[in-house]
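Here is a short walk through one protein chain and its ligand. Keep the 3D view open while you read.

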Amino acid sequence: MTNSVLHVADVHKSFGGLRALSDVDLNVEEGTTHAIIGPNGAGKSTLLNVCVGRIKPDSGHVVFNGEVLDNHTPDEINQLGVSRVFQTPEIFPDLTLLDNVMIPAFASRDGSFKLRPFAKLRHEAAVRDEAEKTLADVGLGVMAEREAASLSRGDKRRLELAMCLIQHPKLLLLDEPTAGMSRHDTNRTVDLLKTIKERGMTKVIIEHDMHVVFSLADRISVLAQGRIIASGTPDEIKGNPKVQEAYLGG
Ligand code: ADP
Ligand code: MG
């Protein structure tokens, strides 16, 4: 029996009269890549936001490495080892790529980001080296001194991924990491995510591109109208008539 890194137990969340998540259960095993797929508006991003503490569920629990996260802030959850790439990249547009990647490296050490220690430490060679290496890993090495605002949408997503990776998270959550990318960039991102997987990092990936899903996922859960309607290996999901129905019948 492998270890469950993330356990979502019986989570419900409504926005006014709209049930965004109903009765959602999810188990993510250590070292695996778990994909969440489903039509637009199915509740995928809401589920991810519940996992990182940005949205509190109406009922149910999220458990990370055995710790119940009911009362944790997003920062505390990040400190426990959970990093995420949101659907809309959250970067510091006025700073260079290198500074963008160095900030979360410091944040992951002392739990909060303070300007003075950052100003002092930004010359610390080790962190700088690691930030440069991480940028190179995501294919942005040559742009390290550019302003983040100047990046294309796809490159901003890669930058955000680098900002996650430098934290060495135990669990990485990705919300449509290839959205807005060309096929070429998508393939590069898939290769990068495969490399990360070889290093043993546990991942949850929300993705609409089935080529990406089937290249990366060990398990797939299908969300439709706020409910998990199927969960299984890629082969099991491919042949599941309920999945076809949710996609075709909406
Ligand atoms: P997905 O990521 O699968 O496309 P979302 O989780 O973004 O779906 O949204 C699920 C449903 O919840 C949608 O109907 C969406 O409009 C609604 N929703 C999401 N966030 C909010 C919010 N903050 N307030 C009100 N409704 C929301
Ligand atoms: Mg979404």
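The paragraphs below take the domains, then the ligand shell, then a hairpin.

This is a predicted model. Start with the overall layout. The chain splits into domain 1, made of residues 4-81 and 169-249, and domain 2, residues 92-156. Between the C-alpha centres of domain 1 and domain 2 lie 27 Å. Where the domains touch, domain 1 supplies 7 residues and domain 2 supplies 6 residues. On the domain 1 side, helix 7 (residues 183-198) is the biggest giver, with 3 residues. By class, that side of domain 1 holds 2 nonpolar, 3 polar and 2 charged residues.

Now turn to ligand 1. Which residues are around ligand 1? They are Phe15, Leu18, Ala20, Gly38, Asn40, Gly41, Ala42, Gly43, Lys44, Ser45 and Thr46. Helix 1 gives the most, with 3 residues. The shell counts 6 polar, 4 nonpolar and 1 charged residues.

Strand 9 (residues 219-224) and strand 10 (residues 227-232) run antiparallel. How many bridges join them? There are 5 bridges between strand 9 and strand 10. Alanine 224 faces arginine 227 of strand 10 across the pairing. The hairpin leaves 2 residues between the two strands. Glutamine 225 sits in that turn, and its phi is positive, at about 50°.

Terms used. Residues numbered from 1 in each chain as written. Chains lettered and ligands numbered in written order. Predicted model: local features only at pLDDT ≥ 70, side-chain atom pairs only at ≥ 80, totals over all residues. Near = placed C-beta within 6 Å. Helix = DSSP H or I, 4+ residues; strand = E, 2+ residues; numbered from the N terminus. Nonpolar A, V, L, I, M, F, W, Y, C, P; charged D, E, K, R; others polar. Domains from an automatic or database assignment. Contact = placed C-beta atoms within 7 Å. Pairing = 2+ DSSP bridges.
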